[in-house]
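Here is a short report for you on a protein chain and its ligand. Please take a look at the sequence and the structure first, and then read on.

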Amino acid sequence: MAYDNDNIFAKILRGEIPAQKIYEDEYALAFPDINPQAPVHVLIIPKGQYISAADFGAYASPQEITGFYRALSAVAKKMNIEESGYRIICNAGPDSHQLVPHFHAHILGGQKMGHLLATTG
Ligand code: AMP
């Protein structure tokens with residue numbers, strides 16, 4: 001499967017769709033999810049063109065992978081959820097309900113979230 005240059009997050013990276021920048025560096029961009037599922041719900045995306053976690057893990061450079069996870073930690077700190085805790089969700093492929101085909105992590109926090117998966121939805 002080829003990377004789709006017209007996906008929403010590619011457009012956000014190119015500045016064609018607005019997003020509030022919570023964090024940005026050479027490797028990653030973080031912005032609020034438009035449909036938040038928790039008091040803190042931030043999306044973080046790599047700047048490189050990777051479709052999913054599998055694609056990112058297989059083909060991103062060590063610098064890109066390290067940069068992405070360092071940025072993720074920086075976002076949690078900036079959002080003041082480092083101490084209270086947070087959940088990271090990366091959907092990959094049809095069974096996961098991944099909607100946007102640019103690798104992204106959801107960072108969720110600000111409330112107790114229960115154990116792993118909701119049973120409905
Ligand atoms: P996923 O199901 O993991 O692909 O999640 C995609 C997420 O992108 C959903 O939670 C959407 O609410 C979110 N989303 C879609 N469009 C935008 C946008 N323009 N700005 C911020 N978040 C968005």
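The text below goes from the overall fold to the ligand and its surroundings.

Please keep in mind that this is a predicted model.

**The chain as a whole**

The protein chain is built from three helices and five strands. Read from the N terminus, these elements follow the order α-β-β-β-α-α-β-β. The radius of gyration is 14 Å, close to the 14 Å that the globule rule gives for 121 residues, so the protein chain is as compact as a globular protein of that length. The C-alpha trace spans about 35 × 30 × 30 Å along its principal axes.

The largest pocket is the place where the ligand sits. Two elements, helix 1 (8–13) and strand 2 (28–32), each give two or more residues to the shell around the ligand. Helix 1 supplies the largest share of that shell, with three residues.

In total, 16 residues surround the ligand, and the closest are Asp-33, Asn-91, Leu-99, His-104 and His-106.

| Residue | Polar atom of the residue | Distance to an oxygen atom of the ligand |
|---|---|---|
| Asp-33 | side-chain atom | 2.5 Å |
| His-97 | backbone atom | 3.0 Å |
| Leu-99 | backbone atom | 2.6 Å |

On its own, the ligand has 510 Å² of accessible area, and the protein covers 85% of this.

How values were computed. Residues numbered from 1 in each chain as written. Predicted model: local features only at pLDDT ≥ 70, side-chain atom pairs only at ≥ 80, totals over all residues. Heavy atoms only, no water. Near = heavy atom within 4 Å. Polar contact = N/O pair within 3.5 Å; in protein donor to acceptor, adjacent residues only side chain to side chain. Areas by Shrake-Rupley, 256 points an atom, 1.4 Å probe, with all protein chains shown as cover. 1 Å grid on protein atoms, 1.4 Å probe; cavity = no way out; pocket = protein on both sides within 12 Å on 5 of 7 lines; lining within 4 Å. Sits in = over half its atoms within 2 Å of the grid points. Helix = DSSP H or I, 4+ residues; strand = E, 2+ residues; numbered from the N terminus. Rg over C-alpha atoms; globule rule 2.2 N^0.38 Å.
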